[in-house]
Amino acid sequence: MTLDFKARVRARGFDLTFGVKTGETIAVMGPNGAGKSTLLGLLAGLVHADQGHARLDDRTLFDATAGSRAWTQPHRRGVALLAQEALLFPHLSVLDNVAFGPRSTGASRQEARAVARQWLTEVDAAELGGRRPAALSGGQAQRVGVARALAADPSLLLLDEPLSALDIGAAPALRRLLKRVLADRTALLVTHDPLDALVLADRVLVIEGGRLVDDGPTREVFAHPRTAFVAGLAGMNLVTGVRSADGIEATDGWKVVAPFEAEVARGASSAIVVKPSLVRVSHLKPGRAEGNAVWQTILDVEPRGDSIRIRGDMLAADVTPAAAADLDLAPGDTAWFAFSADAGVGYAL
Amino acid sequence: MDQNRRMTRTRAHLAGVPRWVAVLAGVGAAFVLLPLVAIVSRVNWVDFVPLITSDSSVAALLLSLRTSLAATALCVVFGVPIAIVLARATFPGQRIARSLVLLPLVLPPVVGGIALLYTFGRRGLLSSTFQFLGIDIAFSTTAVILAQTFVAIPFLILSLEGAIRTAGARYEAVAATLGAAPTTVLRRVTLPLLLPALVSGAILSFARALGEFGATLTFAGSLQGTTRTLPLEIYLQLETDPDTAVALSLVLVAVAVFVVGLAYRNGSVPSGPSGADR
Amino acid sequence: MRPLARTSGLLAVTAALALGLAACSSGGTPAATTSTTAGSGDLSGSITVYGAASLTATFTQLASDFEKANPGVTVKTTFNGSSVLVTQIQSGAPADVFASADTANMAKLTDADLVTGTPTDFATNTIEIAVPTGNPKNISTFTDLAKSGVKTVVCASAVPCGAATEKIEAATGVTLKPVSEETAVTGVLSKVETGEADAGLVYVTDVKGADGKVDGVTFDDSKEAVNTYPIATLKDSSNKAAADAFVKYVAGAEGQKVLAAAGFGQP
């Protein structure tokens with residue numbers, strides 16, 4: 001285990017425990033205000049924990065358990081941070097920016113620059129070394145930011161939405177670069193983009209309201225969402241309830257029929273996911289043969305690629321533009337949403 | 001683009017400013033500038049050079065430059081840490097401490113002189129300490145430097161503290177996670193980023209030190225070559241030889257204009273964080 | 001041509017602004033002049049007296065005594081260094097009477113023909129050594145001031161008390177090494193009062209006026225430099241009768257009594 005983390009910050013309602021294995025890249029996801037920044041701050045040494053402890057390799061980052069108040073200063077932690085903005089030091093050349101880490105930890109100017117050149121080459125930015133940060137594009141700056149963070153040789157690399165401030169054109173290239181450099185590296189990646197999580201991370205931590213709500217291999221978490229937030233990221237409808245004979249009974253009493261992947265005991269809390277494209281919308285009540293149906297108020301109607309997404313209180317449906325025109329629905333209207341008995345997939349929560 | 005800019009430069013236009021505001025602005029500006037014009041008009045140009053190169057004038061000018069430079073150095077040495085602590089650290093009574101440190105700005109200089117007298121004077125708070133060390137500050141050049149530092153240091157603190165707050169702590173946080181110890185961060189990140197503000201703050205402090213009069217008169221006395229700085233010399237000459245007083249005033253005005261111009265030119269350079277990585 | 005016209009317009013506006021301010025501040029004057037009643041004499045109206053700084057206490061009292069004796073008259077007083085007052089009078093300040101701390105400054109006005117008649121000498125003042133209370137350095141003679149370890153403060157030679165000090169130095173052959181040459185006698189006094197200096201050369205009246213905050217040490221050679229105070233009515237006075245009466249009052253028995261009590265000598 002590389003990182004062993006357990007911390008509570010009362011003022012922010014933050015209480016989280018998890019571990020990271022050596023070489024593992026973990027995506028941290030959650031709605032705004034979930035506590036992702038607090039987590040990074042605790043690890044980088046910018047936020048103090050009321051309780052808990054964190055160890056990185058054989059180093060104690062902080063220990064606020066009973067009788068102990070150990071706290072390692074940020075610069076001794078071996079934790080490097082790459083934020084949305086590259087935050088390159090404007091008064092230093094690109095080369096000296098990258099050399100900053102090694103230089104600060106005792107290397108001579110020559111040694112530090114040699115290391116910096118190596119890392120600039122690694123991120124395909126060797127030719128930028130002599131430039132000032134102000135003369136770089138956003139993508140170039142973030143590339144240099146990656147090199148600078150890695151040149152510090154951190155035990156743990158923190159990435160705080162490193163792609164979110166980039167042009168759409170620049171993001172794919174940097175994503176490829178990150179995939180390459182994160183391959184064998186212990187890293188925490190805060191992101192809102194499921195694609196980043198799928199491409200870059202081995203595992204996903206989902207935080208909501210300062211608590212861990214899901215933790216598992218990326219594909220597994222997205223295939224079996226446990227919360228509406230993750231289901232939303234995965235683009236799935238999620239219905240939660242308890243296991244019934246042929247499906248689940250949802251919290252509001254709606255009986256949903258769906259096949260289960262595995263045996264789940266009656267009464268156990270369970271969930272069913274169904275793709276919006278498999279949900280149909282109509283003004284007339286569907287027959288029994290249609291499977292599961294629910295009468296909903298429409299929240300919004302918006303184009304989404306080739307189809308139109310109609311979102312209701314519980315389910316969202318993707319319909320063709322022609323079908324949407326025939327239905328002529330606007331937010332506030334009501335309609336029937338239905339999906340067949342074999343369209344969903346059930347699993348235990 | 002360049003052409004456009006030149007166009008807007010040469011043709012003044014009000015750009016939405018009400019005419020009466022512009023008129024009041026003109027009157028106000030005249031109010032500030034006319035006294036300077038008046039000084040220039042009163043200068044005895046025939047004897048100008050002899051007047052400002054007399055023994056007492058040169059002694060006063062050199063003393064003023066020397067003490068102001070020393071005071072500026074003291075302002076930097078102590079003002080930078082004060083600004084950093086005020087802007088970055090949090091401690092109980094911080095707001096009060098902030099107001100108190102800036103007090104010399106609004107205090108009448110004479111009051112500052114009296115306060116210094118009762119601190120560093122022969123019967124002051126620290127008198128026993130200084131007597132023990134065998135240091136006698138009264139009537140020495142050191143007293144002048146102390147008085148100047150006292151009145152000038154708020155300028156440095158103000159300009160620097162504002163810059164530190166505006167710059168934020170993000171670069172410092174990044175530098176720390178890259179393994180830089182706090183002192184390294186200060187030396188290699190904080191201070192270079194603050195350099196423009198530091199330079200203009202130091203220049204303003206220098207200008208204020210150069211003009212210091214009341215506190216020096218009260219606290220340090222007036223002796224040619226030791227404590228009689230240029231403003232004190234001007235005040236003394238006004239009694240007997242107004243021509244010299246006016247000539248020296250013009251010298252002081254010239255130095256002040258030069259110094260303020262320097263500070264402004266410096267301040268117009270975009271400081272620290274550039275737009276490119278925002 | 002145009003920029004010039006614009007500048008002079010601006011000047012005019014600024015001047016108007018200044019006049020407006022002046023009008024605001026002198027609003028009380030007409031009321032004072034109209035409150036005329038027949039007093040013991042036939043004097044009425046108001047006069048403005050410009051007096052040397054060292055006369056502040058005595059002339060404030062004399063002004064109010066004079067008003068009591070002449071109920072129709074209001075006396076306004078302004079005190080400053082004699083040379084400063086001379087500059088102001090030369091620039092047209094509305095003064096009726098000027099009392100100088102030395103003859104040299106009065107001479108500037110008589111030379112410029114700004115004075116009516118011949119100025120009257122009404123007081124003298126001599127230099128005295130002021131020491132902190134208790135006289136910690138045991139100063140007893142002028143020569144003591146030149147001793148090493150004695151911090152002496154004097155007036156700069158440009159101001160009257162400094163000129164007097166220089167005269168005494170010349171007469172006694174003692175050269176002082178002052179730690180400070182103050183621009184005003186009040187500066188010397190405050191340096192002694194606060195104990196920063198061991199001794200200072202000030203006027204006898206200053207020691208008396210300090211009310212026990214400093215001790216005075218008289219010395220024989222002080223007679224080498226006696227300051228004579230002249231007083232005169234100014235030519236531009238708009239109330240010469242009252243001004244002349246005030247001058248007479250100061251030089252007369254009542255005035256002399258007040259001046260003597262403050263330590264001034266007779267001319």
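The legends below describe close-up views of a predicted model.

Figure 1. Ten helices and nine strands make up the secondary structure of chain C. Chain C has 267 residues, of which 43% count as buried. Of the contacts in chain C between residues at least 6 apart in sequence, 77% join residues at least 24 apart.

**Figure 2. Contact between chain B and chain A.** Chain B contributes 21 residues and chain A contributes 24 residues. On the side of chain B that touches chain A, helix H10 (170–177) and helix H11 (182–211) of chain B each supply at least two residues. H10(B) gives the largest share of that side, seven residues. By residue class, the side of chain B that touches chain A holds 13 nonpolar, five polar and three charged residues. For the model, ipTM is 0.80 and pTM is 0.75.

**Figure 3. Confidence along chain C.** The mean pLDDT of chain C is 84, with 85% of its residues at 70 or more. Within chain C, strand E3 (residues 97–99) has the highest confidence, at a mean of 96, and helix H2 (residues 29–34) the lowest, at 37.

**Figure 4. Stretches of chain C with pLDDT below 50.** Residues 1–8 of chain C have pLDDT below 50, and this stretch makes zero contacts in the model beyond near neighbours in sequence. Over residues 13–40 of chain C, pLDDT also stays under 50; for this stretch the model has 21 contacts beyond four places in sequence.

Note on methods. Residues are numbered from 1 along each chain as its sequence is written. Chains are lettered from A and ligands numbered from 1 in the order in which they are written. This is a predicted model: local features need pLDDT of at least 70, side-chain atom pairs count only at pLDDT 80 or more; totals for chains, interfaces and linings use all residues. Helices (H or I, at least four residues) and strands (E, at least two) are DSSP runs, numbered from the N terminus. A residue is buried if 20 or more other C-beta atoms lie within 10 Å of its own, exposed if 12 or fewer, and partly exposed in between; C-beta atoms are placed from the backbone. Two residues are in contact if their C-beta atoms, placed from the backbone, lie within 7 Å. Ala, Val, Leu, Ile, Met, Phe, Trp, Tyr, Cys and Pro count as nonpolar, Asp, Glu, Lys and Arg as charged, and the others, Gly among them, as polar. pLDDT is the predictor's confidence in each residue, from 0 to 100.
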